[in-house]
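Dear colleague,

Please find below the sequence and structure that I am handing over to you. My notes on what was found follow directly after.

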Amino acid sequence: MVSQLALVLAALLVGTELLFTALDYLNLKYGARAVRTAEEWVRDELGVSDPDRLLAYQRAKTVLSRAQSWVSLLALLAVLLSGAFADAVRTLTETGLPPVAQGVLLVVAAAVGGRVLSAPFDAWQTFRIEERFGFNNQTVGLWLRDFALGVALAAAFAAVVAGIVLGAVELLPTLWPVAGWAAVVGLSLAMLVIYPRFIAPLFNDFDPVEAGPLRDAVEDVFDRAGFDCEQVYEMDASRRSSHSNAYFVGFGRTKRVVLFDTLVEQMDRRAMQAVLAHELAHWKRAHIWKQLGLSAVRMAVVFAFLGWVTSSEWAYAAFSLPEVTYAGVVVVVLFAGPILSLTSPLTNRMSLAHEREADDFAADVMGDPDPLSDALATLAGENLSNPFPHPAYAAFHMSHPPIPERIRRLRERHGEGSADDGDVPQAPTGA
């Protein structure tokens with residue numbers, strides 16, 4: 001018989017998925033109306049010759065993503081409510097392995113299972129949707145290699161995190177939530193160094209930007225921004241996709257700037273410099289540390305909840321589970337997922353503020369808003385991004401302000417001396 005708590009969890013998971021499905025529908029409907037209303041601007045400013053193609057790309061991606069979410073949810077509910085999860089935990093307890101090893105095996109199996117379940121959707125995204133719209137450059141062999149490597153990394157990361165948390169349980173029975181929280185936060189910090197140096201190079205080549213016009217352009221931005229960084233790389237993103245981007249990662253002597261080769265190809269030098277200045281702002285304005293601090297606070301709440309639930313007999317009884325801590329941890333994670341998703345508008349507010357601050361920094365560094373405005377328009381057009389997301393959808397899903405809003409804001413705040421303010425359209429009112 002299914003317990004009331006299990007039904008509450010199922011209702012929370014299904015309710016959250018229904019909410020996000022409704023938001024997807026509103027976003028597609030709203031975006032289509034806005035794009036057609038501002039069709040001339042989309043063509044002229046974003047360089048999208050066929051706005052219907054942009055809308056079709058957004059529909060295809062959204063439908064596939066939501067289908068994947070529903071399939072994953074139904075699979076999870078089937079495992080949880082059928083008693084398969086409880087049976088798996090009982091089987092592990094009968095192996096005679098230490099509790100930490102049992103928990104690590106369970107978490108690794110869940111991580112690998114999730115990757116395998118997502119594989120058909122990833123393949124469809126790559127070879128049907130991305131291929132149809134001219135973005136895909138991957139071969140089947142490269143995709144299979146990435147998938148195998150991704151499964152291995154997911155298993156390794158799951159084993160490390162589970163080992164750290166469950167090891168803390170064994171060593172510090174009363175203080176383990178604090179120790180586990182500190183260890184996970186420390187691991188998050190370490191990943192700022194581990195990811196660019198050891199993980200990212202498994203998937204892409206990173207060539208140092210040597211002396212030449214590109215390096216001169218980069219050094220010019222560094223000088224204007226008062227920034228010092230020797231590690232500047234161009235990444236072979238075109239090996240997989242024609243999508244473009246740039247990012248900054250690391251801290252201290254490990255910090256590095258990465259430019260996608262597609263970005264360098266698609267933009268003129270001043271637009272590329274503006275993107276680089278925007279990324280540097282996240283370091284200059286301590287956005288990385290502020291985001292880490294917010295993440296640490298959210299993780300503290302999760303670990304406090306973990307400590308309470310895993311010490312309560314009702315949590316195990318509700319799902320017919322043996323009283324082993326790792327089973328309680330899984331239950332808490334299942335509750336925490338939708339709760340964190342539902343509170344994402346609160347955390348996105350900080351990210352939105354950081355993006356606007358970085359836009360201002362880039363405009364100041366470049367001397368006027370035009371280079372960054374041009375860069376944003378190019379990124380939106382080349383990537384077929386939705387320029388007009390529904391406000392409710394944006395609140396839950398978007399950490400960056402919509403492109404038209406960013407361009408309009410740049411021109412209003414830094415527009416003196418800009419070449420051509422143009423008429424940036426407002427998003428439509430109503431749903």
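Helix H10 covers residues 269–284 and contains His278. Helices (H or I, at least four residues) and strands (E, at least two) are DSSP runs, numbered from the N terminus. Please note that this is a predicted model, in which local features need pLDDT of at least 70 and side-chain atom pairs count only at pLDDT 80 or more, while totals for chains, interfaces and linings use all residues. Residues are numbered from 1 along each chain as its sequence is written, and side-chain values use heavy atoms, with hydrogens and water left out.

The annotated site

In an unreviewed entry, UniProt assigns the feature "binding site" to His278, His282 and Glu355. These residues span 78 residues in sequence, yet no two of their C-alpha atoms are more than 8.2 Å apart, so they gather at one spot. UniProt positions are given in the numbering used here, feature names are shortened, and annotations may be inferred rather than shown by experiment.

His278 is buried, at 5% relative accessibility; buried means under 20% relative accessible area, exposed over 50%, and partly exposed in between (1.4 Å probe, protein chains only). Apart from neighbours within four places in sequence, His278 is in contact with Glu355, Ala358, Asp359, Ala362 and Arg406, where contact means heavy atoms within 4.5 Å.

His282 also belongs to helix H10 and is buried, with a relative accessible area of 13%. If residues up to four places away in sequence are not counted, His282 touches His287, Ile288, His354, Glu355 and Ala358.

The sheet and its helices

An open sheet of mixed pairing is formed by 4 strands in the order S1-S2-S4-S3; two strands pair if DSSP finds at least two bridges between them. Strands S1 (206–208) and S3 (246–249) stand at the edges with a single partner strand each, so one side of each is left without a neighbour in the sheet. From one strand to the next, the twist averages 30°. Angles run from 0 to 180 degrees between N-to-C directions, and axes are lines fitted to C-alpha atoms, for helices over the stretch in contact.

Strands S2 (residues 232–235) and S4 (residues 256–260) run parallel and are joined by 4 bridges. Helix H8 (residues 213–225) lies across S2 and S4, at about 130° to S2. H10 packs on the sheet as well, touching S3 and S4, and its direction makes about 25° with that of S3.

Yours sincerely
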